[in-house]
There are 2 protein chains.
Amino acid sequence: MKRLAALSLVASILSLAPAALAQTTGWSAYGGDTANTRYSPLARIGTTNVAQLRVAWVLSLGSLRSQESTPLVVGDTLYVTSSHGPKHVFALDARTGVVRWRYSPEVPAGIEQFTCCDVHNRGVSYANGKVFVGRLDGHLVALDAKTGKEAWKAQVVDYTQGSVLNSPPTIAKNLVVTGFAGGEFGARGYLVAYDQDSGKEAWRTWTVPGPGEPGNDSWKGDSWKLGGATVWGIGSYDPKLNLIYYGTSNPSPWGGIARGPDSSQYGPFTNLYSSTTLALDADTGRIVWHYQSTPHDAWDYDGVNELVLADLPVGGQTTPVALKADRNGFFYVIHRQTGKLLSAKPFVPINWAKDVDMATGRPVEVPEKRPKLNYRATDVCPHLLGGKNWQPMSFDPQTGLVYIPSLNLCMDMSGSEPQYQRGKFYLKFDAAPKAGPGGHQSEFMAWDPVKGQKVWGNPDDLVWPGGALSTAGGLVFHGDIRGWFKALDARTGKMLWEFNTGSGISAAPITYELDGKQYVAVVSGRTFTIPLFLGAIGKQMVDATPEGGSLFVFELPTK
Amino acid sequence: MKRLAALSLVASILSLAPAALAQTTGWSAYGGDTANTRYSPLARIGTTNVAQLRVAWVLSLGSLRSQESTPLVVGDTLYVTSSHGPKHVFALDARTGVVRWRYSPEVPAGIEQFTCCDVHNRGVSYANGKVFVGRLDGHLVALDAKTGKEAWKAQVVDYTQGSVLNSPPTIAKNLVVTGFAGGEFGARGYLVAYDQDSGKEAWRTWTVPGPGEPGNDSWKGDSWKLGGATVWGIGSYDPKLNLIYYGTSNPSPWGGIARGPDSSQYGPFTNLYSSTTLALDADTGRIVWHYQSTPHDAWDYDGVNELVLADLPVGGQTTPVALKADRNGFFYVIHRQTGKLLSAKPFVPINWAKDVDMATGRPVEVPEKRPKLNYRATDVCPHLLGGKNWQPMSFDPQTGLVYIPSLNLCMDMSGSEPQYQRGKFYLKFDAAPKAGPGGHQSEFMAWDPVKGQKVWGNPDDLVWPGGALSTAGGLVFHGDIRGWFKALDARTGKMLWEFNTGSGISAAPITYELDGKQYVAVVSGRTFTIPLFLGAIGKQMVDATPEGGSLFVFELPTK
């Protein structure tokens with residue numbers, strides 16, 4: 001009780017998310033707002049009535065592969081994408097689920113070979129009457145939000161090199177900004193911005209510096225040309241600072257020897273800007289600051305996890321921070337204006353590094369836990385899927401807590417030295433997963449980002465929990481691989497309600513209000529490709545539920 | 001009001017379905033009982049509280065093709081199949097939807113080419129601790145109901161000739177009886193019975209008589225060898241009479257010239273037992289009586305629709321009848337012991353025949369409406385999909401009414417003379433569909449089988465309504481192509497409740513009771529292949545909803 005009271009106090013001290021980022025009663029961006037908080041001020045559904053929650057309607061998405069989409073709600077229209085590229089973008093009446101239009105682009109045959117991790121899609125972005133969606137075929141498309149007709153289409157990248165688009169772009173003023181995947185295919189990453197109206201390219205920033213640019217000397221020889229550091233995840237935007245934040249992927253190839261020494265003594269070969277958080281000037285794409293969480297990565301500790309922007313009391317001062325639960329197992333708090341590292345604490349069991357040196361920002365590595373050629377590092381934690389993967393976390397300014405769908409897997413992993421072939425995997429996969437300390441495979445947890453410690457956690461014997469939503473109703477919502485969609489008490493983690501959707505849930509829920517009624521929505525549909533990498537643990541995932549593909553929308557009974 | 005009162009009186013006179021066929025509170029056979037009434041005595045959910053119905057849980061079926069499965073509930077276990085052959089048989093906790101076992105047989109690659117009308121499956125049958133399922137690969141399999149392990153497997157037919165199993169078999173005493181599809185591939189039909197315990201074949205009855213057998217001379221030359229008359233639908237069983245009832249498919253090929261004269265003057269060439277209702281002795285498979293609804297069929301007026309067994313007051317006498325809403329548009333009432341035709345009335349607009357001659361049982365054909373080689377019959381009603389297709393009807397002994405998911409399509413159709421090639425379509429498709437009189441494409445209707453007239457109807461501008469369920473709660477449930485699942489007042493057809501499942505519903509609902517709680521369940525998932533035959537009308541179907549594959553289970557709120 002004392003701890004809860006203290007938390008309440010913290011919450012009352014906290015300023016909310018910056019006013020300019022504040023939510024309407026819709027859900028206008030992938031992360032709820034461009035701060036990626038996934039917090040909603042709606043409170044009609046709360047701890048006392050959530051047990052009555054029921055399905056209002058369902059939409060079949062017409063596809064069965066990994067469903068990862070976050071719907072948007074703008075006005076009374078709900079936009080959601082299916083998997084397969086997307087196979088479909090749907091615009092629906094957000095009250096009834098009746099389809100207003102459907103955009104069903106041709107998905108090139110055989111495109112699956114150019115994806116590392118399934119033919120998924122995470123949703124659309126919205127601005128000024130247009131809906132923007134990235135496609136597996138390397139195109140960013142702008143659709144008329146009323147009709148679904150293509151307004152413009154831009155080729156971001158040639159997908160046949162193994163570079164696909166699967167995340168919604170970031171909206172910043174008049175621009176729409178996107179990256180692409182390909183860190184497993186030897187792509188060299190970049191971000192590109194287009195004018196929302198015309199589709200004209202405004203800027204392009206390489207995430208692996210070329211010759212003559214600062215950071216290019218962090219790569220051995222010509223390795224920068226295939227350096228990875230792609231941007232396949234979700235961006236954030238702070239309109240006051242006019243900064244866009246993105247995490248970059250692992251460097252290519254996975255084995256470190258192509259990019260520097262095959263050891264933890266990598267000296268200058270940090271391989272910038274791989275596994276890095278970047279802050280870019282929204283108007284020009286200039287990199288204003290960077291923080292590399294895993295220098296010379298050899299574990300696939302991909303740094304793409306989303307940055308959540310919040311204003312937190314750090315050292316007694318309200319501070320604009322960016323929060324990141326990194327694949328590498330550290331939870332980072334970074335001053336989002338200066339890039340200064342404020343804290344780095346393990347949120348899951350970690351043994352590849354002892355700590356992070358706060359002076360240099362560098363992890364203090366445990367040398368025997370780095371995979372090397374002809375050397376198998378054993379019992380390395382976390383597993384390459386990370387302490388958290390792409391499934392989004394949520395920051396609740398009322399509790400001051402971050403809700404993290406964390407993973408608890410470790411691995412044995414050998415180094416490798418693959419040969420590059422265009423459009424093929426640029427890695428040799430040799431990693432055996434196992435459950436981490438405690439024997440559970442995942443844990444949905446509440447994390448205090450100021451104290452750098454866990455507040456509560458719900459361990460799950462199976463892996464791959466779904467993304468999080470927190471609300472002013474004192475609730476946190478998330479799904480699991482067994483298909484259960486749950487509402488928890490945000491302060492205690494106690495389960496207050498659950499519903500069986502019949503297929504695994506990876507995607508994150510949203511909430512919105514229309515005509516005085518609050519709805520909660522989530523996409524259900526088990527991950528398809530991830531189990532293929534996980535041996536016996538993957539078999540457990542497949543056995544947990546069939547593939548699926550449905551949007552579920554929930555409401556309270558009308559009387 | 002007067003009419004309703006009269007109906008009530010009729011209902012009170014009616015004996016219920018024969019006692020031996022009476023339902024438990026589960027759902028033990030495809031048609032609810034082996035009389036195929038699809039009527040449940042459960043009444044906790046009724047006209048006054050159905051508006052509160054809500055989703056209890058959902059199961060993703062892991063497949064997206066035409067979903068046609070009726071679940072069974074035996075004890076506290078619910079059994080349901082997916083499409084694709086089936087791709088999966090699921091056994092679930094009928095309260096929570098938690099999967100107990102899953103049977104996922106290999107589905108041969110390319111099997112789709114041997115199916116006329118998609119890789120669907122209509123569900124399982126149950127008897128004495130075993131679950132029986134027909135597979136597209138021509139096998140009937142017995143599974144242990146507790147574990148899902150194969151007890152035995154029998155090859156019914158070689159699927160590579162274009163003969164697949166897609167319907168659950170019929171249970172009769174110690175036997176399990178099945179047919180197969182193939183009327184579009186020149187298969188010669190038969191029914192086969194196996195011992196439930198051992199899988200040993202007990203009898204086999206050809207539905208096209210061979211040389212020397214009565215009826216063989218109803219075929220021109222050797223045409224009987226490719227005669228069709230396959231049994232791909234659902235059987236009924238009357239344990240008192242020990243008779244099994246099945247409808248047979250169209251003759252092969254579609255065009256009549258191979259099988260007799262290419263005209264309505266077909267003389268003896270009726271092509272027995274195609275488009276026929278058969279009553280067979282359950283122990284021996286002997287054909288006890290037959291009634292051919294469409295002699296020398298040239299329209300694909302496939303006669304497979306299910307026989308519903310009821311005891312009705314005919315001519316003032318309670319009479320054991322079999323009811324059939326035929327593809328050819330006539331609603332037949334047949335004495336189910338003797339095979340005597342008691343009535344034949346059009347339940348949809350018909351113009352291929354003026355009437356049925358009650359003395360001979362033969363339709364009085366309109367010659368110009370028969371398609372012939374080099375002759376296109378125009379505006380023929382009904383369309384080849386029939387006045388009703390496989391979607392099951394329901395008989396409610398309380399109202400005395402049959403609830404029919406009827407179709408209202410007509411066509412222009414030419415005759416054809418195809419060449420036989422093993423494993424290929426044995427037909428030339430040349431039929432253009434159009435909406436029938438009134439402009440609507442379908443109508444969910446209540447039909448008085450004694451008076452031979454429609455009592456009420458709900459026209460739908462789109463085709464392909466879902467199968468029916470009636471209950472003692474005064475309700476009729478069915479779905480539609482837009483994905484809405486509806487509860488109607490059984491006496492008036494008034495819609496009392498609807499729910500948007502997000503994909504078209506063709507399958508029929510069921511209801512069951514467990515721990516004092518009544519559930520209603522239905523499989524959602526739009527037909528995939530039927531629209532391909534329907535041109536612009538098919539496009540409307542595809543646009544109506546995405547493909548899907550989910551079992552929805554509904555309940556009343558607990559308080």
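**View 1. Strand β36 of chain B is largely enclosed by the rest of the structure, because four of its five residues (510–514) are buried.** Buried means under 20% relative accessible area, exposed over 50% and partly exposed in between, with a 1.4 Å probe and protein chains only; strands are DSSP runs of E of at least two residues, numbered from the N terminus. The model is predicted: local features need pLDDT of at least 70 and side-chain atom pairs pLDDT 80 or more, while totals for chains, interfaces and linings use all residues. Residues are numbered from 1 along each chain as written, chains are lettered from A in the order written, and side-chain values use heavy atoms, without hydrogens and water.

**View 2. β36(B) and β37(B) form a hairpin with two residues between them.** Strand β37 of chain B covers residues 517–524 and runs antiparallel to β36(B), with five bridges joining the two; strands pair if DSSP finds at least two bridges between them. I510(B) is placed opposite A521(B) of β37(B). In the turn, D515(B) has a positive phi of about 50°.

**View 3. The largest nonpolar core has 102 residues.** Such a core is a set of buried Ala, Val, Leu, Ile, Met, Phe, Trp, Tyr and Cys residues joined through side-chain atoms within 4.5 Å. Y512(A), Y512(B) and L551(B) have the most contacts inside it. Leaving aside residues up to four places away in sequence, L551(B) touches residues including W57(B), L78(B), A521(B) and V523(B); contact means heavy atoms within 4.5 Å.

**View 4. S264(A) is in the loop between β16 (243–247) and β17 (276–281) of chain A.** S264(A) has a relative accessible area of 16% and is therefore buried. Beyond residues up to four places away in sequence, S264(A) touches E365(A), P367(A) and R370(A).

**View 5. A cis peptide bond joins L272(A) and Y273(A), with omega about -10°.** Y273(A) lies in the loop between β16 and β17 of chain A. S275(A) also lies in that loop; its phi is near 45°, a positive value in a residue other than glycine. S275(A) counts as buried because its relative accessibility is 0%. Most residues other than glycine have a negative phi, and most peptide bonds are trans.

**View 6. In chain B, the peptide bond from S252(B) to P253(B) is cis, with omega near -15°.** P253(B) lies in the loop between β16 (243–247) and β17 (276–281) of chain B.
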